[in-house]
Amino acid sequence: MKPEQTIHAGGCACGQLTFRASGEPRRVGLCHCMTCRKVSGSAFNAFAVFSADQVEIDGRFERWSAGQTVRCFCPVCASRAFSLEGDEIEIGLGAFDEPSTFRPTYEAWVPRREHWLATGGLTAYQKNRSDG
Ligand SMILES: [Zn+2]
Ligand SMILES: [Zn+2]
């Protein structure tokens, strides 16, 4: 990790699980898929994806694997701060200490999007971004 890079810090609600992401994310997006809806308890998931080697994690976490994604959450307060997939880590925008640091540029699983939710101007994918 290069010391001059910007550090984006964050963590869970109770504070025992924290992370420090160095530099800028590979991409920032939204997902409306059923798994993201269910695990978040929210209508959609907003996240920033970093290379795993950009992020340092401190604290304990539990895991739940769904497909290729390992969703990680705090065993104390149940916040789902991040997910692991391959060589990438996906961090929920709400887990960062500073709001409005990142702006999504795309959204996945658009047919699942709530009808009242306006997300104009984002690149839209019918399913996962990688499914084309
Ligand atoms: Zn916690
Ligand atoms: Zn999803």
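How many helices and strands does the chain have? The model, which is predicted, has one helix and eleven strands. Followed along the sequence, these elements are arranged as β-β-β-α-β-β-β-β-β-β-β-β.

The overall dimensions come next. The C-alpha trace extends over about 40 × 35 × 25 Å along its principal axes. Buried residues make up 26% of the 132 residues of the chain. Of the contacts with a sequence separation of 6 or more, 55% are between residues 24 or more positions apart.

An open sheet is formed by eight strands in the order 6-7-8-9-4-3-10-11, and its pairing is mixed. Strand 6 (62-66) and strand 11 (123-124) lie at the edges; each has a single partner strand, and therefore one side of each has no neighbour in the sheet.

Within this order, strand 7 (residues 69-73) is paired with strand 8 (residues 82-85) in the antiparallel sense through three bridges. Cys72 has Phe82 of strand 8 as its bridge partner. Strand 8 is in turn joined to strand 9 by four bridges, and the two run antiparallel. In this pairing, Ser83 is opposite Glu90 of strand 9. Strands 8 and 9 form a hairpin with two residues between them, and Gly86 in the turn adopts a positive phi of about 60 degrees.

Further along the sheet, strand 3 (residues 27-31) has pairings of both senses. Strand 3 runs antiparallel to strand 4, with five bridges joining them, whereas three bridges join strand 3 to strand 10 (residues 106-108) in a parallel arrangement. Leu30 illustrates both pairings: its bridge partner in strand 4 is Ala46, and its bridge partner in strand 10 is Glu107. Strand 10 also runs parallel to strand 11, to which two bridges join it. There, the bridge partner of Tyr106 in strand 11 is Thr123.

Which residues have the most contacts inside the largest nonpolar core? This core has 15 residues, and those with the most contacts inside it are Phe19, Phe50, Ala81, Phe82 and Ile91. Strand 2 (18-22), strand 4 (45-51) and strand 9 (88-92) each contribute at least two of its residues. Strand 4 supplies the largest share, three residues. In soluble globular proteins, nonpolar side chains tend to be buried together.

Leaving aside residues up to four places away in sequence, Phe19 touches Gly10, Gly11, Val55, Glu56, Ile57, Ala81, Phe82 and Ile91. Among these contacts, Ala81, Phe82 and Ile91 also belong to the residues with the most contacts inside the core.

Two loop residues complete the picture. Gln16 is located in the loop between strand 1 (7-11) and strand 2. Gln16 has 16 C-beta neighbours inside 10 Å and therefore counts as partly exposed. Not counting residues up to four places away in sequence, Gln16 touches Gly59, Arg60, Cys74 and Val76. The C-alpha atoms of Gln16 and Asp58 are separated by 7.9 Å, although these residues are 42 residues apart along the chain.

Beyond the residues up to four places away in sequence, Phe96 touches His8, Gly10 and Thr101. Phe96 and Ala21 are 75 residues apart in sequence, yet their C-alpha atoms are 9.5 Å apart in space.

Notes:
Residues numbered from 1 in each chain as written. Chains lettered and ligands numbered in written order. Predicted model: local features only at pLDDT ≥ 70, side-chain atom pairs only at ≥ 80, totals over all residues. Core = buried A, V, L, I, M, F, W, Y, C linked by C-beta atoms within 7 Å. Buried ≥ 20, exposed ≤ 12 C-beta atoms within 10 Å, placed from the backbone. Contact = placed C-beta atoms within 7 Å. Pairing = 2+ DSSP bridges.
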